[in-house]
Amino acid sequence: MKTIKSVNLTTQIIIATILGVLFGLLFQEQMTSFDLIGSIFLRLIQMSIVILVMGQIIEAVGQLNPKQLGKLGVKTFIVFIGTSILAALFGVLMGLIFKPGSGVDSTLIVDGTIPEASTSTFKDTLLGFFPNNIIQSMAEGSIIQVIVFAVLFGLAISYVRLEDPANQILQVTVNFNAIVIKLISIIMKVAPIGIFFILASTVADLGVTILLPLLKYLLIYALGTFIFLVGWLIVSSIYCRISMVKLIKKMSPMSIMAVTTTSSAITLPVTLRDSIEKLGISERIAKLVVPLGMTLNSNGAAMHMAITIITISQIFGYAYSFSEYIYIAVLATLASLANAVVPGAGLVSLSIVVPQMGLPAESILLFAGVEWFVGMLRTVLNVDSDALSALMIAKSENELDNQKYNT
């Protein structure tokens, strides 16, 4: 009989996921008091995310020749924006075809706490990408500002390396990153325990009755996520000339982690590790594209906001023109760039886009009860699209190790 230690981490997490849901349903009152353990696990992972993202991007950009960075950066940006817009358009299409908002009673919307709506202009939003104090940005967890600083700092290192090859700051960064990765790998050893208590306490708190009014919405969003992700996998496997079945198997650990934690940030260490070790993506590509993609390539977030706007408009009987549907897709894509990468961020994102389309801000409350379930779908598409983007970019740069992939 296998001991617990001989069972791989992925299997342990799957078992913990199943047990967490069962315990949450069977022992509701008892399990709600155990949310502290799950919260501690999330904080242990989150405490290193900012320096992990910053360090990996600085290392990746710092090792590049400035001319290489320009070419790779343009290619990465095109993939990110292109796929996010496609995901948002697909979300609009799914909403128009299956009408998830039809039949939902608008009186379900009750008084409560509504996330503060954003009144920022496009100029303010763009300005918010740039930090005026990087220490403050790190303390507040403003990932997009951290990424901007890291890219510029890494670019400065790449220029300094050309001028002064003896400069050791890049090697110091590499060594520091190795320590951060080791720290996270130590914490990940208790991931099954943390995930068990996260799911048990969440399911116990929410129950299943909250799903009933929006079950159609959830099923349509799940179908949209599945179809879009399968399309991603087919295109990637054909372009990279690799087995789609093997690709799904190799990506399963990051997918499971994404579903159970509902956070791209918490899943980042697993995504980064498996992109290099299992998918055969070069470290140069993986350490640049994957951390950048965590914020700039939110396919799941773009689809979520688009399909939710369509759902709300149908609940209240709003109708839009063709050009307005295109605008919804663009708006969802732009909002996804500033999408938070932690659990529960979906309501904050909706508070940005819903008022922009003239819809009642109170409608956001209707989705609060299913945010955790929606987050599972949103995050798995976010995470997997990051890895698949890196895979295709690595193939285009001839930096995909087929021997490592096939082992």
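Helix α11, spanning residues 215-240, contains 26 residues and covers 37 Å from its first C-alpha to its last, close to the 38 Å expected at 1.5 Å a residue. The expected span is 1.5 Å times one less than the number of residues, and helices are DSSP runs (H or I, at least four residues) numbered from the N terminus. Just after α11, R241 adopts a positive phi of about 55 degrees. The model is a predicted one, in which local features need pLDDT of at least 70 and side-chain atom pairs count only at pLDDT 80 or more, while totals for chains, interfaces and linings use all residues. Residues are numbered from 1 along each chain as its sequence is written, and side-chain values use heavy atoms, with hydrogens and water left out.

An α-helix has 3.6 residues a turn, so residues three or four places apart point the same way. For I179 the relative accessibility is 58%, and its C-alpha lies 9.9 Å from that of L52, 127 residues away in sequence.

The loop between α8 (143-163) and α9 holds Q168, which is partly exposed with a relative accessible area of 48%. The side chain of Q168 reaches the backbone oxygen of A166 at 3.2 Å. A polar contact of this kind is a pair of N or O atoms within 3.5 Å, one able to donate a hydrogen and the other to accept it within protein, and residues adjacent in sequence count only if both atoms are side-chain atoms. Another involves N382 of helix α18 (residues 371-396): a polar atom of the N382 side chain lies 3.1 Å from the backbone nitrogen of A301. N382 is buried, at 4% relative accessible area.

The structure holds seven salt bridges, each a side-chain nitrogen of Lys or Arg within 4 Å of a carboxyl oxygen of Asp or Glu. One of them joins E59 and K287, with the closest N and O atoms 2.8 Å apart. Because E59 lies in helix α4 (residues 49-62) and K287 in helix α14 (residues 283-296), the pair ties together parts that are 228 residues apart in sequence. Both partners are buried, E59 at 2% and K287 at 12% relative accessible area.

E397 pairs with K75 at 2.5 Å between the closest N and O atoms. With E397 in the loop between α18 and α19 (402-405) and K75 in helix α5 (residues 66-98), this bridge connects parts 322 residues apart in sequence. R284 likewise forms a salt bridge with E399, its closest N and O atoms being 2.5 Å apart. K75, R284, E397 and E399 are linked in a network of salt bridges.

Terms used: Helices (H or I, at least four residues) and strands (E, at least two) are DSSP runs, numbered from the N terminus. Buried means under 20% relative accessible area, exposed over 50%, partly exposed in between (1.4 Å probe, protein chains only).
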